[in-house]
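Q: Can you walk me through this one? I'd like to start with the rings and then move on to the sheet.

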Amino acid sequence: MNAMKLLAGATLAAFSLLGATAHAQDFPSRPVRIITPFPAGAGPEAVVRLVAERLQKKWGKPVVVENKPGANGFIAIDTFKRGSTDGHDLIQLDNVHLVAYPHLFKKLPYDPVKDFDPLVPLFKTYFFVGVSNDSKYKTVGDILADAKARPTALNYGSWSVGNPVHLGSALLESMTNTQMQHVIYKETSQLYTAVATGELNFALGSMATAGPLQRSGRLKFIAVTAPKRHPAFPDVPTVAESGGPAGYEVTGWTTIAAPKGLPKPTAERIQRDIEEALADPEIKQRYATFGYDLFPATREQFNSFIAAESAKYAEVIKRAKVSLD
């Protein structure tokens with residue numbers, strides 16, 4: 001009897017595997033939708049459109065990018081959760097959705113572990129410490145020395161609570177035992193203009209957001225939040241080289257995720273095809289203009305990275321006593 005049960009179980013498992021493999025071979029059987037929380041024209045959204053174009057050519061089926069901005073990305077996530085669960089509905093997620101919001105919001109309209117299966121990181125971007133061109137701060141060490149001498153007197157900015165620029169600045173406070181004021185601006189253009197005019201002491205910014213004012217000479221980068229200097233700015237030191245704490249690193253990144261529980265062969269096919277699209281020389285060229293870096297990682301490596309990022313920001317958010325309802 002036990003032998004018969006084992007045989008029946010093995011047969012069922014074999015049929016299940018065959019079914020999943022067949023699904024992967026037939027995928028996609030209809031148009032695919034990639035839902036994004038970013039507005040049209042934003043850097044991350046532009047990247048996912050480039051990927052969608054290449055997937056459409058490879059799959060021979062329409063791959064449509066659907067913009068659902070607003071409400072911290074919750075509109076996009078709700079649309080995704082109400083969509084199909086067989087891989088024909090995918091979603092682009094920002095890092096805050098997976099590693100920051102779970103610690104910021106008392107109640108989320110999604111479960112970052114149970115609702116998503118992050119398939120592949122699309123890119124990683126580092127930030128620069130930006131100050132006005134005539135600022136007295138020449139290094140990160142200058143900022144920290146002033147912050148320690150005048151607790152809460154210095155300020156930095158971002159566009160909301162809980163974004164990478166805000167939490168990255170809070171991480172700097174945490175690692176240096178300093179206290180500074182967080183000022184929120186509605187638009188990134190307003191934020192970096194405030195840095196350029198000296199209204200803000202500093203702000204973290206990417207090549208895409210702070211780069212235009214840096215190139216015009218109104219704002220200067222005194223450090224990069226990366227483990228090594230950025231190839232586009234070889235003269236800009238790392239934060240550690242600029243008198244800041246060793247090991248300080250702040251990144252922004254996005255991923256394409258599938259519904260949790262998607263059969264492994266299908267998930268692996270989507271992942272493989274996205275990775276192939278990202279290897280396209282045209283996408284690499286566009287990445288250079290955005291200041292984005294490719295972020296190659298296996299599923300296991302990426303999941304480990306997400307877990308480490310979540311733990312890091314959980315501690316930062318706890319120390320900063322930040323919460324959202």
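**Rings, strands and helices**

A: Start with Phe 221. Its relative accessible area is 10%, so Phe 221 is buried. Keep in mind that this is a predicted model.

Q: Where does Phe 128 sit: buried or exposed?
A: Phe 128 counts as buried, at 1% relative accessibility.

Q: And how are the rings of Phe 128 and Phe 221 placed?
A: Their centres are 4.5 Å apart and their planes are at 15 degrees, so the pair is stacked. Phe 128 belongs to strand β5 (residues 128-132) and Phe 221 to strand β9 (residues 219-224), so the pair ties together parts that are 93 residues apart in sequence.

Q: How many aromatic pairs are there?
A: The count comes to 19 aromatic pairs. Take Phe 74 and Phe 105. Their ring centres are 5.3 Å apart and their planes are at 65 degrees, so that pair is edge-to-face.

Q: Which parts of the chain does the pair of Phe 74 and Phe 105 tie together?
A: Phe 74 lies in helix α3 (residues 74-81), and Phe 105 lies in the loop between α5 (101-104) and β4 (116-126), so the pair ties together parts 31 residues apart in sequence. Phe 74 counts as buried at 17% relative accessibility. Phe 105 is buried too, with a relative accessible area of 10%.

Q: Which residues do ring pairs link into a cluster?
A: Phe 74, Phe 80, Tyr 101, Phe 105, Tyr 110 and Phe 116.

Q: What lies over the face of Phe 295?
A: Lys 124 does, at 4.2 Å from the ring centre.

Q: OK, sheet time. What is the strand order in the open sheet of three strands?
A: The order is β8-β5-β9, and the pairing is antiparallel. β8 (203-205) and β9 stand at the edges with a single partner strand each, so one side of each has no neighbour in the sheet. On average, neighbouring strands of this sheet are turned by 45 degrees against each other, direction ignored.

Q: What holds strands of a sheet together in general?
A: They pair through backbone hydrogen bonds, either parallel or antiparallel.

Q: How many bridges does β5 have with β8?
A: Three, in the antiparallel sense. β5 and β9 also run antiparallel, and five bridges join them.

Q: Which residues stand opposite Val 129?
A: In β8, Val 129 faces Leu 204. In β9, Val 129 stands opposite Ala 223. For another example, Gly 130 stands opposite Ala 203 in β8.

Q: How many of the residues of β5 are buried?
A: Five of its five, so β5 is mostly covered.

Q: Which strands does α8 lie across?
A: α8 lies across β5, β8 and β9, and runs at about 125 degrees to β8. Ala 196 is found in this helix, which covers residues 188-197. Ala 196 counts as buried, at 13% relative accessibility.

Q: What does Ala 196 contact, leaving aside its neighbours within four places in sequence?
A: Ser 132, Leu 213, Arg 218 and Leu 219. Ala 196 and Val 131 are 65 residues apart in sequence, but 6.7 Å apart in space, C-alpha to C-alpha.

Q: What happens at the start of α6?
A: A side-chain oxygen of Thr 139 reaches to within 3.3 Å of the backbone nitrogen of Gly 141.

Q: What about Ser 158: buried or exposed?
A: Ser 158 is buried, with a relative accessible area of 0%. Ser 158 is in strand β6 (residues 155-158).

Q: Which side chain makes a polar contact with Ser 158?
A: That of Asn 163, at 3.1 Å. Not counting residues up to four places away in sequence, Ser 158 touches several residues, including His 166, His 182, Tyr 185 and Leu 191.

Q: Last one. Is Lys 186 buried or exposed?
A: Lys 186 is exposed, with a relative accessible area of 76%. Lys 186 lies in the loop between β7 (181-184) and α8. From Lys 186 to Ile 35, the C-alpha to C-alpha distance is 24 Å, and the two are 151 residues apart in sequence.

Notes. Residues are numbered from 1 along each chain as its sequence is written. This is a predicted model: local features need pLDDT of at least 70, side-chain atom pairs count only at pLDDT 80 or more; totals for chains, interfaces and linings use all residues. Side-chain values use heavy atoms; hydrogens and water are left out. Helices (H or I, at least four residues) and strands (E, at least two) are DSSP runs, numbered from the N terminus. Buried means under 20% relative accessible area, exposed over 50%, partly exposed in between (1.4 Å probe, protein chains only). Contact means heavy atoms within 4.5 Å. Rings of Phe, Tyr and Trp (its six-membered ring) pair if their centres lie within 6.5 Å; planes under 30 degrees apart count as stacked, over 60 as edge-to-face and the rest as tilted. A charge sits over a ring if NZ of Lys or CZ of Arg is within 6 Å of the ring centre and within 35 degrees of the ring normal. Two strands pair if DSSP finds at least two bridges between them. Axes are lines fitted to C-alpha atoms, for helices over the stretch in contact, and angles run from 0 to 180 degrees between N-to-C directions. A polar contact is a pair of N or O atoms within 3.5 Å; within protein, one must be able to donate a hydrogen and the other to accept it, and residues adjacent in sequence count only if both atoms are side-chain atoms.
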